[in-house]
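This report goes through the overall build of one protein chain and then a few of its local features. The sequence and the model are shown first.

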Amino acid sequence: MNPLPSRANLAAGPYDPMMELTNPGPGTGSLPPRAHLETGLPTRSLNGDWRFHYSESVASAPTGMEKEVFNDGAWDTLPVPSSWNFHGYGAPSYTNVQFPFPLDPPFVPDANPVGDHRLTFDVGTEFLHGAVLRFDGLDNAGTIWLNGHLLGTTRGSKLVHEFDVTGILRAGANVLVVRVAQFSASSYLEDQDAWWLPGIFRDVTLLAQPQASIWDVFVHAGYTVDGVGTLRVEISPPLPDVVASIAGLGFSEVLEFSQQQGGSGISKSFELGPVEPWSAESPTLYELTLATPLQTMPLKVGFRSITVHDAQLKLNGAPLLFRGVNRHEHNPDRGRVLSREQMVNELCLMKAHNINAIRTAHYPPHPMLLELADELGFYIIDECDYETHGFEDGDWAGNPSAEPRYLEALLDRMRRTVERDKNHPSVIMFSLGNEAGTGPNLQAMAQWTKARDPERLVHYEGDWACPYVDVYSRMYVSPAEVELIGRQKEAPLPDQDQDRHRRNLPFILCEYAHAMGNGPGGLQEYQDLFDRYPRLQGGFVWEWMEHGIRQHTPDGEAYFAYGGDFGESVHDGNFVIDGLVSADLEPRPGLLDYKKVVEPLALGISTDWREVSIRNKYDFVDTSHLNYTWVVAGPKGMMSAGTLNIPVTAAGASTTAELPPEITAELAPERVLTISATLAADEPWAPAGHEIAWAQQGLPLVPIVELQIQGGAEAVAQDGNLRFGPATFSVATGELCAFKSVPVNGPRLTLWRSPTDNDKGKDHSQPGSPRAADIWQSAGLPLLQGRLRSMTHDSGTLAVRVRYGVPVARHHVDVDYVWRTNGTLLELTAHVEPSAGWGVSWPRVGFDFEFPGEFSCVSWAGFGPGQKYPDTGMAAQRGWFSASIAELAVPYVRPQENGARAGVTWLELATAQTGGESISFHGEDFSFTLRPYSQQVLTAARHTPDLVADGISHLTLDAAVHGIGTASCGPGALPQYQLAPGSGTFTVVLS
Ligand code: GAL
C-alpha cells in the first residue's frame with residue numbers, strides 16, 4: 001500500500017516565477033498535511049551549511065540554478081535554518097499593520113529579494129524505498145527542486161510542507177535546490193505585527209516513508225466525568241496488524257478499523273479504566289506505541305476533555321482560568337530561528353512566573369514547542385498562520401477573508417495547522433488567525449476545523465458576532481466593558497439568535513495588558529474581574545517577548561534595535577518592543593507583576609499576625625506540592641524565620657491556620673512579616689524552594705523624625721549665600737546649595753516625566769481623548785521654570801516662595817518651601833498651589849535635587865526591590881533595600897521614565913566608599929528616582945547607549961505620581977490612578 005498520494009497537482013509546463021508568486025492559491029506539489037510524528041523510521045536532518053546566493057529581485061536572480069549541474073562555486077555559505085537578514089543579506093524590516101509594499105493584491109514589488117539555496121547530500125539505501133522531504137518553515141515562498149525535478153512550491157511560511165521524493169532521491173549525491181522569494185501573493189495573508197524575515201528558518205528533514213508504513217495518526221484521548229480514559233486511533237493508511245499499547249495502563253490491542261474515512265481507518269473507542277488526566281497543572285502523559293512489522297511509533301498521550309457549558313470553558317469538567325501570554329517566535333541574534341534550549345528556557349520562565357497558557361500569536365509555533373508544552377503543562381491556543389490587518393485601511397476592501405480566490409489557500413493553511421498539531425493534549429483550541437476582518441472564508445475554515453476535530457474549540461477574535469466560534473474573545477477591552485461581559489450584560493447584537501449564542505459563550509481576552517515599555521498598568525483590576533465572574537476565563541498578555549535585534553555601537557556596547565533602525569522607508573518604530581521579557585529573556589518588571597497578580601494561591605495575614613488564610617486558586621491540584629515559609633524582617637535585615645505547617649487545601653478551597661506564637665510575638669513597629677508558598681520539590685521548570693505566592697503584613701517602616709526645635713536656628717549670610725543650620729541656600733534661587741559639606745542643587749518643582757510608551761498612547765477606552773504625553777507637552781511641563789519671589793527668615797523658619805511657570809502661558813504653580821532646623825536636622829514642608837488653567841492631569845508632583853555623581857548608592861525603606869507606580873509594582877514588597885544607581889534603572893529598549901521606588905519613608909543617598917558621606921530623607925510615603933543623567937537626556941535617548949552619565953546624581957522625590965495604564969494599546973491609567981493638578985503639602989526631613 002503506498003501511503004503517499006500522487007504528485008498529480010503539480011503545475012505542468014515550465015516554471016514561471018512571476019506567475020507563481022502572484023498566484024493567490026496554496027502551494028503546489030506537496031503531500032497532504034499530517035501530524036509531526038516521530039515515525040520510528042530513518043530520518044536525516046538536512047540542517048547545516050548550504051550554498052547560498054542572494055539577489056535583489058526575481059529578475060536579477062540566476063537562471064538555470066535549479067539544474068543538477070550548476071556551478072555554485074562563487075556562492076556563499078549560509079546556515080540552514082536561518083533568517084538571511086541576520087547573515088548580511090538585505091536587512092530586517094518591521095511593520096505592524098501596514099504592508100511594507102503597495103496594497104495591490106495579489107501582486108508584490110519587483111524589488112522582491114530572492115535567496116537561492118543549494119545543498120548536495122548523500123543518502124544511504126534506507127531512504128530509497130520511499131522518502132519524504134519536510135520543510136518546517138520557509139518564509140515566504142519556496143520553489144523546490146531535487147536532482148533537477150521540480151518538487152513543488154510552498155505557501156504558508158510557518159506551516160509544514162512535505163514532498164514525496166520517492167524515485168527522485170538516489171543513492172549517493174543528491175542536489176537539493178530551494179529558491180525562496182521574500183514576498184508573494186501569500187504575503188498578504190501573513191501581515192503579522194513582527195519583523196519581515198525571509199529564509200528557511202525551521203528544520204529541513206528527510207524521512208524514510210517506505211511502502212506499508214504509517215503516514216498519519218490522529219489520537220483521540222478523552223477523559224470521562226467518571227475519571228476513565230478513552231482512546232480512539234485514526235491511522236492513514238489503515239494498515240493491518242497495527243498494535244497499539246500503553247505500557248503504563250496495561251493496554252495492548254491489535255487495532256481493527258471499523259470505519260474508513262478518506263484514506264484512513266478509525267478504531268473503536270477503548271475504555272482504559274481510571275487514568276491520571278492531563279492538565280497544565282498536572283501534565284500527566286502516557287506513552288502510546290503503535291507498532292507494525294515495519295516501525296514502532298511512540299506518541300505522548302494526555303487524557304483530557306474540553307467542553308463549553310453554561311458560558312464556561314471546562315477541562316475535565318472544571319472551569320479553567322487562563323493566566324496567559326501571547327508568544328511570537330524571536331531570537332535577538334538569529335531572527336525567527338529558535339533552538340530547543342531557547343524554547344525550554346522560555347517555557348520554564350513562564351511556568352516559574354505562574355503562566356499557564358499561551359496563544360501562539362499569530363501562527364503555529366516551532367513543532368517542538370508543543371511537545372514541551374505537553375510535558376511542562378500549558379494550555380495552547382494554536383493559531384493559524386493568517387493575518388490581513390493591512391486591509392483594514394480602506395474598510396477591508398479586497399480582504400482575503402471575503403475573497404473567493406483566497407478560499408483554497410486559507411483552507412490549506414487551516415488544514416496544515418490542525419493536521420500538524422492535532423495530537424497535542426496542550427492544544428485545546430485552534431484559532432483561525434488574527435485580525436483578518438470577517439468573511440465567509442473564515443467561516444469555512446471554522447467549519448472544516450470543527451468537522452475534522454470536533455473535540456477541540458475554535459477561536460477567532462476578529463468577528464465579534466462569534467457565529468462560528470466557541471469562545472467570545474476580544475482584545476484590549478477596558479475593565480468596565482469586561483465587567484459588563486462578565487455579567488452577561490454586554491451590548492446586544494442586532495440578530496437575536498446570534499446574540500443568544502454569544503451570550504452563552506465563555507469570554508477571554510486573547511490580548512490585553514500591552515506590555516510595551518514601562519507597564520503594563522492596571523493588571524490587578526482585570527484579575528479581580530476574572531476572579532469575580534465565572535464567564536471571564538482570563539486572558540493573554542500582549543506579549544511575552546520583545547523583538548529587539550541585538551546590535552553594537554562602534555565601541556562594542558550592545559543594545560537592541562527596533563523598527564526604523566535598518567533604514568526601512570516604512571516602519572512602526574518600537575511598537576515591536578512590547579514584551580514581558582526582553583529579547584534575551586531578561587524579565588521586565590511587568591513579568592514580576594504578572595506573576596504576583598495571577599498567583600494561584602491567595603495568602604492573607606491578619607493584622608495581629610495571628611492567622612494566615614489560604615485560598616487555593618488552582619483549577620485542579622491541591623497544595624501538597626507547596627511548602628510554607630515565614631520571615632520577619634526589620635531595618636537591619638532578617639530577624640527570624642521558619643516554616644509553617646498548614647493543612648493541604650484542595651483546588652478551589654480555602655483554609656485558615658493559626659500562626660505559631662513565635663511569629664505573633666514578633667509583631668512590633670518597624671517589622672514586616674512575609675509568608676511564602678514555595679515548591680516543596682524540584683519541578684522540571686524550577687527548583688524546590690521557588691516561590692509561587694506570598695503575602696505580607698507590617699507596620700510603618702521608619703517613623704518620621706520628630707524635630708525637637710527649641711529656639712530655632714538663625715539664617716546668616718555667608719559668602720553670598722545664606723547659612724541656615726546644617727544647610728546653605730542660594731539667595732539667587734532660594735534652593736539649597738549645600739547640606740553639611742555636600743554640594744546640592746534643589747529642591748526644584750518638577751511636573752514632568754520622560755514619556756513612557758503608555759503615556760504616548762491613545763486611550764482606547766476614551767475615543768477622541770488626547771494622549772497623556774501630548775497633554776503634558778502642550779501644558780509646557782518639560783519647560784517648567786522657577787522665579788524666586790521671596791526668601792524670608794523668621795523665628796527659626798526660612799520661607800522660600802517660588803513661582804513656577806512655562807513659556808508663553810499664564811498658568812503657574814506657587815510653591816512655598818518652609819524650612820526648619822534644629823541645627824543638625826533640616827525639615828522641609830513644601831506647599832504646592834497651582835493656578836487655574838492646567839490640563840486634566842500631571843505626570844507627577846516631584847522635587848528635583850542634584851548631588852555630585854559619587855553619591856551613587858541608595859538604601860531605602862518602602863517598596864522594593866523593583867519599581868512601583870500607582871497601578872504597577874504588585875511584585876514589590878515592603879522592606880529595607882539597597883541598590884546602586886545603575887541597579888535602579890530598568891533598561892527599556894526605548895529609554896523612558898522608569899525605576900521609581902514607591903511607598904518610601906526613608907531614603908539614604910551615599911557614596912560608594914564605606915564611611916563616606918551620606919544624606920538621608922525621612923518622610924511619609926513618597927516615591928523617588930535616582931539617575932546619573934537628566935530627564936532631558938532620558939527623553940531624548942532613542943536607544944540605551946544614548947544614556948550618557950553627566951557626573952551628577954539626579955534625585956527626584958515625588959509627592960504624587962500619575963499611573964501608567966496601557967494606552968500604548970488599550971485603556972490609559974484608570975481614573976483612580978490619574979493625578980489631577982491640585983494643591984498639596986509634602987514634608988521631608990534631611991539628616
Ligand atoms: C493587536 C495585534 C497584535 C499586536 C498588538 C499590538 O491588535 O493582534 O498582533 O499588533 O495589537 O502590539
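A residue is called buried when its relative accessible area is under 20%, exposed when that area is over 50%, and partly exposed in between. By that cut-off, the buried residues of helix α9 are Pro589, Gly590, Leu591, Asp593, Tyr594, Lys595, Lys596 and Val597. The model is a predicted one.

Helix α9 is largely enclosed by the rest of the structure, because eight of its nine residues are buried. The cover over these buried residues includes the helices α2 and α8 and the strands β25 (322-326), β31, β32 and β41 (691-698).

Helix α8 has its own set of buried residues: Leu523, Glu525, Tyr526, Gln527, Leu529 and Phe530. Among the elements that cover them are α6, β31, β32 (536-541) and α9 (589-597). Helix α8 in turn is among the elements that cover the buried residues of α9.

Helix α3 spans residues 367-376 and is mostly covered, with seven of its ten residues buried. Those seven are Pro367, Leu369, Leu370, Leu372, Ala373, Asp374 and Leu376. Gly377 follows α3 and has a positive phi, near 100°.

## The chain as a whole

The protein chain contains 13 helices and 57 strands. A compact globule of 991 residues would have a radius of gyration near 30 Å, and the 32 Å of the protein chain agrees with this. Along the principal axes, the C-alpha atoms fill a box of roughly 105 × 65 × 60 Å.

Of the 991 residues, 61% count as buried. The accessible surface comes to about 36,000 Å², and 51% of it belongs to carbon and sulfur atoms. When contacts between residues at least 6 apart in sequence are taken, 73% of them join residues at least 24 apart. The chain carries 70 positive and 117 negative side chains, and the centres of these two sets lie 2 Å apart.

The domain division gives domain 1 (17-208), domain 2 (216-307), domain 3 (314-595), domain 4 (600-699) and domain 5 (752-782 + 807-814 + 834-990). Between domain 2 and domain 3, the C-alpha centres are 29 Å apart. At their meeting, 23 residues of domain 2 are in contact with 25 residues of domain 3.

## Backbone features in loops

Most residues other than glycine have a negative phi, and most peptide bonds are trans.

| Site | Backbone feature | Loop |
|---|---|---|
| Asp139 to Asn140 | cis peptide bond, omega about 10° | Asn140 between β6 (131-135) and β7 (141-146) |
| Gly519 to Pro520 | cis peptide bond, omega near -5° | Pro520 between β31 (507-512) and α8 (523-532) |
| Lys740 | positive phi, about 50° | between β45 (736-739) and β46 (742-750) |

Leu888 belongs to helix α12, which covers residues 885-888. Its relative accessibility is 2%, so Leu888 counts as buried.

Which residues touch Leu888, apart from its neighbours within four places in sequence? They are Val858, Trp860, Ala883, Asn898, Gly899, Arg901, Phe928 and Leu930. Pro865 is 23 residues away from Leu888 along the chain, and the C-alpha atoms of the two are separated by 8.7 Å.

Conventions. Residues numbered from 1 in each chain as written. Predicted model: local features only at pLDDT ≥ 70, side-chain atom pairs only at ≥ 80, totals over all residues. Heavy atoms only, no water. Helix = DSSP H or I, 4+ residues; strand = E, 2+ residues; numbered from the N terminus. Rg over C-alpha atoms; globule rule 2.2 N^0.38 Å. Buried < 20%, exposed > 50% of the residue type's maximum accessible area, 1.4 Å probe, protein only. Contact = heavy atoms within 4.5 Å. Areas by Shrake-Rupley, 256 points an atom, 1.4 Å probe, with all protein chains shown as cover. Lys, Arg positive; Asp, Glu negative; His and termini not counted. Charge placed at Lys NZ, Arg CZ, Asp CG, Glu CD. Domains from an automatic or database assignment.
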